[in-house]
Amino acid sequence: MADNPLMKTMILGLVVTAVGIMMIFGPDIVGIDGFDGGFAISFVGLFVAILGLVVAGFYFQQANILGGILRGEGLLVHWAFDDEMWKEYTRKEYAKEISEKKGLFIIVSVFALFFGFLFWFLDNEAGFFVFLVMLGLIGLVGFAWRFSAWYYREQNERGVKEAYIARSGVYMNRRLYTWRLFSARLLGVEIKNSGGLSFLKFSYTAFTVPGPQTYTVRVPIPTGREEAAKTIIQQLNSL
């Protein structure tokens, strides 16, 4: 069975929790007076323990879902991709990532420039510094936009060229996309074509702060697997 990286992350969260608990009670055990740093160590330990529990709890259900997929529970297909198809898929995903985030960058830039010039107009001295801050914000957002797309492309280029498609989600390139978590829901699956490359497009919602968000994941369809792709659509859209 393939490796389950989410289980390792969950275990890491439990280890962090254990370290936090040791920090909470450690000062009393070794005899460090509270006013000599014991209270500070315990206080930091409390936050470390909470952080570890949050990480472990968040990945516990995902690790279980992925474990089930890797064991074949509800598994519909397991596809492996040749180098040429994966290279083309990576190129198109990079272009898609750049295009999808470009609109957000433009909106942020327009608002930042508008308020920057407005404050500069209302207060020539202090407003100028606000304008500089807004320029910095535009630069930061632009960097995040480009860096996230580049990082995603790098992960794909060096990734595992295979995908598991199951009733509970998609596991591709060591990433789990699932609609079985709390408040998540599969919206639909369809076949799309981009420049001669056919792929399955999965759309689902998942709860995030500040509210539910819609996500999509695209899985390339290997040559000769078109009928299997249609069967996947029928089975998942009937859930």
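1. The model is a predicted one. The lining of its largest pocket divides by class into 14 nonpolar residues, eight polar residues and seven charged residues.

2. The volume of this largest pocket comes to about 1100 Å³. There are 29 residues in its lining, and those closest to the pocket centre are Leu176, Tyr177, Tyr204, Tyr215 and Thr216.

3. Both helices and strands contribute to the largest pocket: two or more lining residues come from each of helix H2 (38-70), helix H3 (83-122) and helix H4 (126-157), and likewise from strand S4 (175-178), strand S6 (197-207) and strand S7 (212-220). Among these elements, S7 provides the largest share of the lining, with six residues.

4. The second largest pocket holds about 190 Å³ of space, and its lining is made up of Tyr89, Lys92, Glu93, Ala95, Lys96, Lys192, Ser194, Leu197, Phe199, Lys201 and Arg218. By class, six of these lining residues are charged, four are nonpolar and one is polar.

5. Which element gives the most to the lining of the second largest pocket? That element is H3, with five residues, while the elements that each supply at least two residues are H3, strand S5 (185-194) and S6.

Definitions and conventions. Residues are numbered from 1 along each chain as its sequence is written. This is a predicted model: local features need pLDDT of at least 70, side-chain atom pairs count only at pLDDT 80 or more; totals for chains, interfaces and linings use all residues. Side-chain values use heavy atoms; hydrogens and water are left out. On a 1 Å grid over the protein atoms alone, a cavity is a set of points where a 1.4 Å probe fits but cannot get out, and a pocket is an open set with protein on both sides within 12 Å along at least five of seven lines; lining residues have an atom within 4 Å of a point. Grid points are joined across faces, edges and corners, and a volume is the space filled by probe spheres set on the points. Helices (H or I, at least four residues) and strands (E, at least two) are DSSP runs, numbered from the N terminus. Ala, Val, Leu, Ile, Met, Phe, Trp, Tyr, Cys and Pro count as nonpolar, Asp, Glu, Lys and Arg as charged, and the others, Gly among them, as polar.
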